[in-house]
Amino acid sequence: MRKVIIGLFILMSFTLPVQATSITAPPAPESAELMVPEQPETFSEGLTTVLSEALDYLYPAFRSAAATCFAIIVTVLLTSLVQNLPGSTQRVSDMVAVVSVSFLLLTGSRTLIRLGAATVAELSEYGRLLLPAMTAAMAAQGSVTTSAALYTATAFFDSLLSGLISSAIVPMLYIYLCMAVASCATGENLLDKLAGFVKWGMTWCLKIVLYVFTGYISITGVVSGSADAAAIKATKLTISGMVPVVGGILSDASEAVLVSAGLVKNAVGIYGVLVIIALWIRPFIQIGMQYLLLKLTAGICVMFGTKAPVKLISCFSGAMGMLLAMTGAVSLLLMVSVVSMIKGVN
């Protein structure tokens, strides 16, 4: 189907007297439509609008995550006090604490996992609409062979990563959380090792694709240019710190992101890039707030809680970190892919 769409775009580029600038990006999906200005004059103006709209989601996300974490802290504190009562044992109190904490976390975590998976799917679907439009713009300027080759490479990485996340990493994430709950509740060492192995598998599945992608960027030089060295360093530190699990890998592409910002200012894909950011920023805020507050909750509970519930909180925090890695990886991959098209058009 995608090949048919590309063929139609390329055929239109030869039969109609259009300019590259007349080919516009597909409209934003409903979830991002209100955040993106219809006709932004500059990339910075559009980005400011998207970020200001995203701030409206910050407080609700904080309130929801804070309520859950407060309930967890109270639960761990109460079960720790019960442990000191006559006749109670650590095994029983650990079991009660783990069951209570998992009950508080599973519902919210399932919602966030679905949100992360839906965001990955939505980004990928929008990319499948946007990349052919950029391919048609390149073909309209005579770069038929280059546009087809560039589309094939960029679409391959996007499809590979999104398919891997939906068919492998998300199911493995559910398995990891189930094993973590069982391990912390029973104290079984084998389950703990199996949970660690599943987490290792998820991490390296994501890292391998990103290593190949960043290697592709470096070898082909698909996004090249110059950017301020201080800005590059600052961006690398920011990306590495904000995106857990794969932040170090994604930070290697920070120069490409900075260079792309300069290209986007007068490019055909300015609207498309803003839609990608808008699709990503809301889930990132919601999942990121849960991730940060769970980290803080684990740090607080370690002062008075037992090992089992604190370990379970850390496991759920790690799962939220994996979700952040998923959404961040797909959005940045798609961003650089679109930028490579923008470079071809310009």
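User: How many residues apart are phenylalanine 197 and tryptophan 200 in helix α7, and what does that spacing amount to along the helix?

Analyst: Happy to start there, keeping in mind that this is a predicted model. Both residues belong to helix α7. They are 3 residues apart, so the separation is about one helical turn.

User: Is the ring pair of phenylalanine 197 and tryptophan 200 stacked or edge-to-face?

Analyst: The ring centres of phenylalanine 197 and tryptophan 200 are 5.8 Å apart, and their planes meet at 25°. Planes under 30 degrees apart fall in one class, while edge-to-face needs over 60. With an angle of 25°, the pair of phenylalanine 197 and tryptophan 200 is therefore stacked.

User: And is phenylalanine 197 buried or exposed?

Analyst: The relative accessibility of phenylalanine 197 is 55%. The cut-off for this class is over 50%, so phenylalanine 197 counts as exposed.

User: How many aromatic pairs are there, and how are the planes of tryptophan 280 and phenylalanine 284 arranged?

Analyst: The count comes to 2 aromatic pairs. Tryptophan 280 and phenylalanine 284 lie 4 residues apart in helix α11, about one turn of the helix, and both are buried. Their ring centres are 4.6 Å apart with 40° between the planes, an arrangement that is tilted.

User: Which lysine has its charged end over the ring of tryptophan 204?

Analyst: Here a charge meets an aromatic ring. The charged end in question sits 5.1 Å from the centre of the tryptophan 204 ring. The residue that supplies it is lysine 207.

User: Which residues have the most contacts inside the largest nonpolar core?

Analyst: That core has 81 residues. Helices α3, α4, α5, α6, α7, α11 and α12 each give two or more residues to it. As general background, nonpolar side chains in soluble globular proteins tend to be buried together. Inside this core, the residues with the most contacts are Leu161 and Ile165.

User: Which residues does isoleucine 165 touch, leaving out those up to four places away in sequence?

Analyst: Let's list the partners in sequence order. With those close neighbours in sequence set aside, isoleucine 165 touches Val120, Val170, Pro171, Leu206, Met326 and Val330.

User: Is serine 317 buried or exposed, and what does it touch?

Analyst: Serine 317 lies in helix α12, which covers residues 307–345. Its relative accessibility is 1%, and buried means under 20%, so serine 317 counts as buried. Not counting residues up to four places away in sequence, serine 317 touches Tyr291, Leu294 and Lys295.

User: Which residue forms a salt bridge with aspartate 192?

Analyst: A search of the whole structure finds 2 salt bridges. In the one formed by aspartate 192, the closest N and O atoms are 2.6 Å apart. This pair links distant parts of the chain, helix α7 and helix α12, across 119 residues. The partner in helix α12 is lysine 311.

User: What is the N to O distance in the salt bridge of glutamate 125 and arginine 128?

Analyst: Glutamate 125 and arginine 128 both sit in helix α5, 3 residues apart. Glutamate 125 is partly exposed at 46% relative accessible area, and arginine 128 is partly exposed at 26%. Their side chains meet with an N to O distance of 2.7 Å.

User: How many helices and strands does the chain have, and what percentage of its residues is buried?

Analyst: The chain has 12 helices and 0 strands. It exposes about 16,200 Å², of which carbon and sulfur atoms supply 66%. Of the 346 residues in the chain, the buried share is 49%.

Terms used
Residues are numbered from 1 along each chain as its sequence is written. This is a predicted model: local features need pLDDT of at least 70, side-chain atom pairs count only at pLDDT 80 or more; totals for chains, interfaces and linings use all residues. Side-chain values use heavy atoms; hydrogens and water are left out. Buried means under 20% relative accessible area, exposed over 50%, partly exposed in between (1.4 Å probe, protein chains only). Contact means heavy atoms within 4.5 Å. A nonpolar core is a set of buried Ala, Val, Leu, Ile, Met, Phe, Trp, Tyr and Cys residues joined through side-chain atoms within 4.5 Å. Rings of Phe, Tyr and Trp (its six-membered ring) pair if their centres lie within 6.5 Å; planes under 30 degrees apart count as stacked, over 60 as edge-to-face and the rest as tilted. A charge sits over a ring if NZ of Lys or CZ of Arg is within 6 Å of the ring centre and within 35 degrees of the ring normal. Accessible areas come from the Shrake-Rupley method with a 1.4 Å probe; for residues, only the protein chains shown count as cover. A salt bridge is a side-chain nitrogen of Lys or Arg within 4 Å of a carboxyl oxygen of Asp or Glu.
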